[in-house]
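Biologist: Can you walk me through this one? I'm new to it.
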Amino acid sequence: MTGTFHHDDRLKISHGNLTKIMGTRFDIILLEKGEELASGIWNETRQELIRLDKMLNKFDATSEISMLNERAFLYPVMVCPELFQILVDCRIYHEKTMGLFDISLKDLSKVVLSESDYSVSFLSPEISLDLGAYAKGYALKVIWDKLIKHNVPHAFVSFGDSSILGIGNHPYGDSWKVSITNPFVQNEVLGEIDLKNTSLSTSGNSPNYTNHIVRPGSGQKNNERKLVCVVSGNPVDAEVLSTTLMVATEQEQERILQNFEIESFKIYNT
Amino acid sequence: MTSKKQNKQSVDLSLRQFIKDLGGIAGGTALLASTPWLQSFTVDKLSELKKEKARLAVIGTGSRGQYHIHNMLDIEHLEIVALCDNYIPNLKDASVLCPKAKTYTDYKKLLESSEIDGVVIATPLNWHAPMVLDALDAGKHVFCEKAMALTMDECKAIYEAYQQTDRVLYFGLQQLFDEKYIKGIQMIHSGLLGDIVGMRCHWFRNHDWRRPVPSPELERKINWRLYWESSGGLMTELGSHQLEICNWAMGQRVPVSVSGMGDIVYWKDGREVYDSVNLVYRYANGVKINYESLISNKFNGMENQILGNRGTAELAQGLYYLEDDDASPAIQQLIAEIRDKVFSAIPAAGPSWRSETKGKYKPYAIVKNTAGVHSGASMIGADADGSDLILSSFAQACITGEKAKNIVEEAYVATILCLLGNQAMAEQKTIYFPEEYRIPYMKF
């Protein structure tokens, strides 16, 4: 991965950027911090993202999740407490989404979590965990906590457009305002969303990337031309729901949403 | 005034304005320092000339000479007072273009005229050295076509004569006055592409490189490009521009060695010079120029690629590409809007952007106007490639007497490299840059 950091001291804007992180790029804009503080925060953010990528990215053969996927059918694999907690969390989301959020993509009941020693074992050789619908939301939450710790009043954070966090507001507005564009029709704006201390997650198919969201159980690949946007103060909720609601029926959507407190939810036909 | 003439003058003024503006921007002085021949190429210096005109003669009025005449007729601060060619049909054609100019068949007689300030030489390569040296000797300012000369010793003689003279000497490296090269090289020097890690230059045509010959005894005179006695072949005729560009991009560094192969692959018509050349020039830091020219297939056209660890420039097309072209346009827009105190919705939300879906490199234009793109197909010259501006600068220098920095040195380096390339191909071995042809200007 490559990264850049630029700081404009006159305007007190800093921009940090990483490419090829969690399968996408990462951008953060920090306001009202001097260069030294801002670059310190950026370095910490960068380290954190690299650390999480090494833990959660199954496309990295040396990541902790890859090690787990490779061995957990053969013997119980001990994982770090943070990853263990994430897997427990994913199980809770699985329940809250009627099984539609499933990091095993097949059968989560075949994944055994042992709290006594933080070990994980798979009961079937076909199980392989994929945190793609969770990791970016989790990373946003971790970064948000860091920004709070450093008293950053205003920031805009984006994981490749699909997972966004708006903290405080734009210097010339009372929020951060983003528009949702139709991936199939150039320059068509589907809607606008104001973000103030909240996050937005968007899932959907695009012309060059489709069939990547799978309905657990049936294994059916989703190729619908639609976008699902979820706004929530909890970036993990937003992340989990945007993917889950993409494959849920209308009835399922209603029932699932009863288990969450989110700010808004929209589906756009593209 | 014709619209074409107006257009040429506006290109001239626009580059002059660009050079002037460079002085005012951050880092502009440093950029100007890397293009010192442009220091006097400003609007102000042009207006200082008032109504003065350089009195110029054109020696060699074949196709390239006539191309220069067309450009010269559009330049206000010069007049063509004399023409010279020992091939009468060409002299007559040129005379039609400038009927008032006095005609000569012997350049030495022309050089005796006190009414000539400077000469523009566009003759076969073997004539460059004697004509340049004689013209300087006669007190004339000189503009000579590239390459500098047929042999390394002749180049050295010209370089040494230039050190002794107060006359102005230019060589036809028009890319030094071509906006897209100037801006492109400046962007490279500013670090746009990161470190230069390699260069690839090629020039492909599908043409026999011949001119029709009215009677057989004129073959070597008219098709001088095809014989070693009068030509360095593809290297001096095409490669010299491209090798100069590589050295310019490398910050005046010069390769230490060259290896290569040259053959007559297709045009086996009695010519002596290769119709296919492949060479590798190697710099001391390991960076290499891959040079290739072939004139029996035009698929690849002409290009000068400068490869950096962060991006690639295709200078002939005026384009550049970035290796990690992952900057989010929405984020860029957001930053720009904050700078401009604008608050609006930025198009930042959508399905996840994925670096692995990126198929092609996206081209960015070095200059907005791409009118001067040279496909490499023409045997004479392209429009707006700097050929007219370098003559405008030369005419200005003839009036002011101000020497243009670096042009002679760049021409010297590029020509020696071409000739070393020819030597490497002829001897089929690696040739190292000889001590005796090194000049203080060169950095290895």
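Modeller: Let's take a helix, then the chain contacts, then the cores. Keep in mind that this is a predicted model.

Biologist: Helix 4 of chain A, then. How many residues does it have, and how far does it reach?

Modeller: Helix 4 of chain A covers residues 135–149, which is 15 residues. From first C-alpha to last it reaches 21 Å, close to the 21 Å expected at 1.5 Å a residue.

Biologist: Which of its residues are buried?

Modeller: The buried residues of helix 4 of chain A are Ala135(A), Lys136(A), Gly137(A), Tyr138(A), Ala139(A), Leu140(A), Ile143(A), Trp144(A) and Leu147(A).

Biologist: And what do those buried residues pack against?

Modeller: Helices and strands of chain A. The helices are helix 1 (35–56), helix 3 (81–96) and helix 5 (235–247). The strands are strand 7 (155–159), strand 8 (163–167) and strand 11 (198–204).

Biologist: What happens just after helix 4 of chain A?

Modeller: Asn151(A) takes a positive phi there, about 55°.

Biologist: New topic. How many residues of chain A are in contact with chain B?

Modeller: 39 residues of chain A, in contact with 25 residues of chain B.

Biologist: Which strand of chain A gives the most to that side?

Modeller: Strand 9 of chain A, with five residues. The side of chain A that touches chain B divides into 15 nonpolar, 18 polar and six charged residues.

Biologist: How does strand 9 of chain A run against strand 14 of chain B, parallel or antiparallel?

Modeller: Parallel, with two bridges joining strand 9 of chain A to strand 14 (residues 346–349) of chain B. Val178(A) has Ile346(B) as its bridge partner in that strand.

Biologist: Over to chain B. What's in it?

Modeller: Chain B has 14 helices and 16 strands. Buried residues make up 47% of its 444 residues.

Biologist: Which residues touch the most other members of the largest nonpolar core?

Modeller: Leu56(B), Ala57(B), Ile59(B) and Ile121(B), in a core of 120 residues. Helix 14 (residues 407–427) of chain B gives the most to this core, with 13 residues. The core also draws at least three residues from each of domain 1 (3–176 + 386–400) and domain 2 (192–301 + 369–378 + 410–437) of chain B.

Biologist: What does Ile121(B) touch, leaving out residues up to four places away in sequence?

Modeller: Among them are Ile59(B), Met131(B), Val132(B), Val142(B) and Phe143(B). His128(B) and Glu145(B) are also touched by Ile121(B).

Biologist: What about a second core?

Modeller: There is a separate one of 78 residues, including Leu31(A), Val79(A), Tyr138(A) and Leu241(A). Tyr138(A) is also one of the buried residues of helix 4 of chain A.

Key: Residues numbered from 1 in each chain as written. Chains lettered and ligands numbered in written order. Predicted model: local features only at pLDDT ≥ 70, side-chain atom pairs only at ≥ 80, totals over all residues. Helix = DSSP H or I, 4+ residues; strand = E, 2+ residues; numbered from the N terminus. Expected span 1.5 Å × (residues − 1). Buried ≥ 20, exposed ≤ 12 C-beta atoms within 10 Å, placed from the backbone. Contact = placed C-beta atoms within 7 Å. Nonpolar A, V, L, I, M, F, W, Y, C, P; charged D, E, K, R; others polar. Pairing = 2+ DSSP bridges. Core = buried A, V, L, I, M, F, W, Y, C linked by C-beta atoms within 7 Å. Domains from an automatic or database assignment.
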